[in-house]
2 protein chains.
Amino acid sequence: MLFWGKSGLEFRCLKILFGHPDPLVGDLTGNREGILRLHDEARALGASLLVLPEMAITGYAPRDLLLRDGFVAAAEASLAQLASVTLDGPPMLVGTPRSVPGARGLRNAVALLRNGEIEAFHDKWLLPGYDVFDEDRWFDSGDEVLHFDLEGKTVAVLCCEDLWHGVDAGVAGYSRDPLSQVNAELILSVSASPFVAGKAEVQKSRLLAVSQRTNAMVAVLNQFGAHDELLFDGRVLLAEPTGSVTRLNAGWVPGMTVLDGGDLVGHPDPDPLDELVHALACGIEGYVRKTGHESVVLGLSGGLDSALVATLAAIALGPEAVHGLCMPSRYSSAGSLEDARALAARLGMVHLHDVDIEPIHEALRLSLQPVLGNVEGVTDENLQARARGVLVMGLANAQGLLPLATGNKSELAVGYSTLYGDMCGALLPLGDVFKTKCYELAVHINRHPQRFGFEEPPLPENTITKPPSAELRPDQCDADSLPAYDRLDRVLEAWIEHGKAEDALPESDLVGEILPMVQRSEFKRRQAPVVLKVSPKAFGPGRHIPVVARTRD
Amino acid sequence: MLFWGKSGLEFRCLKILFGHPDPLVGDLTGNREGILRLHDEARALGASLLVLPEMAITGYAPRDLLLRDGFVAAAEASLAQLASVTLDGPPMLVGTPRSVPGARGLRNAVALLRNGEIEAFHDKWLLPGYDVFDEDRWFDSGDEVLHFDLEGKTVAVLCCEDLWHGVDAGVAGYSRDPLSQVNAELILSVSASPFVAGKAEVQKSRLLAVSQRTNAMVAVLNQFGAHDELLFDGRVLLAEPTGSVTRLNAGWVPGMTVLDGGDLVGHPDPDPLDELVHALACGIEGYVRKTGHESVVLGLSGGLDSALVATLAAIALGPEAVHGLCMPSRYSSAGSLEDARALAARLGMVHLHDVDIEPIHEALRLSLQPVLGNVEGVTDENLQARARGVLVMGLANAQGLLPLATGNKSELAVGYSTLYGDMCGALLPLGDVFKTKCYELAVHINRHPQRFGFEEPPLPENTITKPPSAELRPDQCDADSLPAYDRLDRVLEAWIEHGKAEDALPESDLVGEILPMVQRSEFKRRQAPVVLKVSPKAFGPGRHIPVVARTRD
């Protein structure tokens, strides 16, 4: 296999280590210690250079913590402490905020630490300001590309978006072009690029184009780990001017990736559904651990969504860390309880409780009767959903469990969920996964149980095949209130993820029914749990839609 | 009184009308109709010019609606329709988004409509990107200041932040300066500047400085009305190079302000507490009406916060639109119920219901017992708060009422509230008002009942004077769990509103206790209702703090 370097051999003398720690945003001490452990390892391996992700000092993104008096100074002090270990160890490239006079007074920088000192900085030029990104809120742009000599080779440093002059989807194009300044044999770009299904493919072709334009090797390192709604895969990609691009690791684990004179071992791009499972599990695991929890609790209805969330949580945390509550009502079918129990058994859950909500529902109905007369319709359905929410939260409070909500993106989009009911939870793992994709995921996990640590298919067949129902009134079916999910999801994807105009939407006979549902439920989403972002446009901080608005004439 | 114009008389020939409609974001048709009504009025009055606020076509801020295919084109079509009425009526200045090639492809523009045509645009130069502002997400900057001739006078047009070169609190300073291009006798600046207590004072001194630097009259028009968390007062200010600055209206009502050759009638700056009441009432009224509701529902505990929210809602909507629920538990004091009833009677509320939560609380406890054993402590307290939340939401669902949450900023900051319990509601009117300020407001309203439409002091004395308690366990007092509110609020104000470093905070003996409470409750705030912003830093979209983070070492 032709290895890297313009001549194929030129770089064999270098050993570059790409570190992907799992930072906790704002935890300067913990993050520094994580980097020091990697640096020890790099020293032991005789590395030429240790490369760390964008903002590795603070974790990406510290957001408005950057505006707090003293935070940036503390980050700078942490960087100075790190520099000292390069006196008797390999140099480092590490992402950090740094103060520089200017409108914001701050740069998104990559520091070169060498010989015990902070030798130089690259300040990110292109600051994304779309979707979940808001970097020009905190940073001024840089205007010079850092070049440095590494054992006789010239290395240029870039930061994430700097590679994307003129082509990014978020804006029509950045007017400034850092690549125009690059004159190097190797470009090292550090990034914190949140997972979006399919994004790695786009990045690969971009890297190739950059490599060919600059006639340089281009290596990109991404942050690893979950931060609130954002998931980072820790991938390392390498492009060569010869036209090949190689993924140097499988991603989704913390640690280190080595690039040296040995044979280049390329990793295949992961199967998209495998990767979606990894991403969601990473998000659950990170959120739970980084908030100081060990275990989660969720309501198990016997339906697909809760079964899938329980399965993902079991993948992320182990089945013993997943507590399930079965909460049947007068409208629950016998099959539902059986399906929930079957799931728990297949997953190997050890904490499963049944709580009949009938007495609570009845107490709520009786209490409201003097005020409302007969309690019926949506009011009565919501009482049941909210009684369940109170029970899940009660278990969470009493046992220190983190509550997971079990809705999906289709429901969340049209408001087919009860605020303070089934929307209760700190995290909504499937909130960016359409119902049709939830089915695909369930079928996929069942088809390849071993890939995810199971011996047998974890999801009961009946959970996947029965018609979806909220079971909040007799013989209720989702199909009574909603269009078929495949048609619904096509409209939602075009409207929400691609921002298409109304008259350009598919399934035009449904548009007039669906869009008002989306608009009317904005207030619910404003109070939704954190949604793990896996699509180009997730509900949450990357979507700034007013709550009070008329979005259609 | 010296009137406007450098000579004191120069502009007497002009009659400028400042329109402050009450836009609904995204409602292009409704907003256009509102502007047309004002234009009819302006025509009847023989106006020289009708000035409308920033983004009057769409309402400010349309946020990501701007990214939707077709939205800007529809706004531009709406502008073109408006232009036609200037053929036989006065010209207009009106804020609008417009497409212009560039990185974002969009400008935050002010259009000059005259003689039936769109004659020219001013594109806003300085795009705020701090606190609740995010304008460089959507817009490119302009680079020319529109000047036009109006009956022989030269008028320069600016847009909001354009006046603030070099001095804004959000950034160290904008590097570009639109004022350097101004050469006019009158500057008209249109804005959508959200209410923050004390901001008008700062703006006045800025206007004076601008007027003296440019030797021009400077008039500023602000948007009126509530939009989600943002409140706009509709004020019109006029500064003269002679050194005087005049408030031309009292603000907080939609309509029109006339500036003509008559005597200039200055309005005094409102009393700060009066203005806070107006702002909060405007926020409640706007949210309720613009979401298609007429009435609200809230739990009345007999305590200060719920009494104050009910009072503000009565001011905003009339007492008959305020539905109260008294929901005593085993721990409620007899006095609480009496206080709640006294409040309802004094406000003139006609919808007041008692629902004893004891049977619901007991059903919840019994249901959880097999799982948890004895239900006690915070778990049990939260069951009560959540039972109340379910009841409030039940009434809201059954009767189409908008639920109001009753917490204050101090509670919200330290997490002294129950998610899905007392935090239930679409709107949290006091979420940006510290507890000590809530007391001030209550005393103020009681001291001046007539100012707010009451004949007698509406709040029962006992509600104001008794020690605050959540009444969720026997003899509970807020002071058992929290520092005294005056000391707590001093720390919170310095930490949250002013971003001070930890070692610069007041009440240093409390800091170690308070800051971790703030940090640990970030997840609750992520799911909080819309908080009406009245301070420099409100919880909500203007504060980008990660949920999962370590914010102190």
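**Exercise 1. Determine the handedness and geometry of the crossing of H4(B) and H5(B).**

Solution. The crossing of H4(B) and H5(B) is right-handed (left-handed if the near helix is turned anticlockwise from the far one by less than a right angle, right-handed if clockwise). This is a predicted model, in which local features need pLDDT of at least 70 and side-chain atom pairs count only at pLDDT 80 or more, while totals for chains, interfaces and linings use all residues. Residues are numbered from 1 along each chain as its sequence is written, with chains lettered from A and ligands numbered from 1 in the order in which they are written.

Step 1: identify the elements. H4 covers residues 272-290 of chain B and H5 covers residues 304-317 of chain B; helices (H or I, at least four residues) and strands (E, at least two) are DSSP runs, numbered from the N terminus.

Step 2: take the angle and distance. H4(B) and H5(B) pack at about 70 degrees, with axes 8 Å apart. Axes are lines fitted to C-alpha atoms, for helices over the stretch in contact, and angles run from 0 to 180 degrees between N-to-C directions.

Step 3: classify. H4(B) is therefore roughly perpendicular to H5(B) (under 35 degrees is roughly parallel, over 145 roughly antiparallel, 65 to 115 roughly perpendicular, the rest oblique).

Step 4: list the contact. H4(B) contributes Val277(B), Leu280(B), Ala281(B), Ile284(B), Glu285(B) and Val288(B), and H5(B) contributes Leu312(B), Ala313(B), Ile315(B), Ala316(B) and Leu317(B). Residues are in contact if their C-beta atoms, placed from the backbone, lie within 7 Å. By class there are 10 nonpolar, no polar and 1 charged (Ala, Val, Leu, Ile, Met, Phe, Trp, Tyr, Cys and Pro count as nonpolar, Asp, Glu, Lys and Arg as charged, the others, Gly among them, as polar).

**Exercise 2. Describe the packing of H13(B) and H14(B).**

Solution. Step 1: H13 (residues 485-497) and H14 (residues 508-520) of chain B pack at about 60 degrees, their axes 11 Å apart. Step 2: their crossing is right-handed. Step 3: Arg487(B), Leu488(B), Val491(B) and Trp495(B) of H13(B) meet Leu510(B), Val511(B), Ile514(B), Leu515(B) and Val518(B) of H14(B). Step 4: this contact has 8 nonpolar, no polar and 1 charged residues.

**Exercise 3. Give the strand order of the open sheet in chain B and find its edges.**

Solution. Step 1: the order is S5-S4-S3-S2-S1-S14, with mixed pairing among the 6 strands (two strands pair if DSSP finds at least two bridges between them). Step 2: S5 (117-123) and S14 (255-259) of chain B each have a single partner strand, so one side of each lacks a neighbour in the sheet. Step 3: the twist averages 35 degrees from one strand to the next. Step 4: S1(B), residues 16-20, pairs with S14(B) in the antiparallel sense over 5 bridges; Phe18(B) has Thr257(B) as its bridge partner in S14(B).

**Exercise 4. Characterise the side of chain A that touches chain B.**

Solution. Step 1: the contact takes 78 residues from chain A and 78 residues from chain B. Step 2: H8(A) gives the most to the chain A side, with 13 residues. Step 3: that side divides into 40 nonpolar, 21 polar and 17 charged residues. Step 4: the model scores ipTM 0.95 and pTM 0.96.

**Exercise 5. Locate the cis peptide bond between Tyr60(B) and Ala61(B).**

Solution. Step 1: omega of this bond is about -5 degrees. Step 2: Ala61(B) is in the loop between S2 (49-51) and H2 of chain B.

Methods: Two residues are in contact if their C-beta atoms, placed from the backbone, lie within 7 Å.
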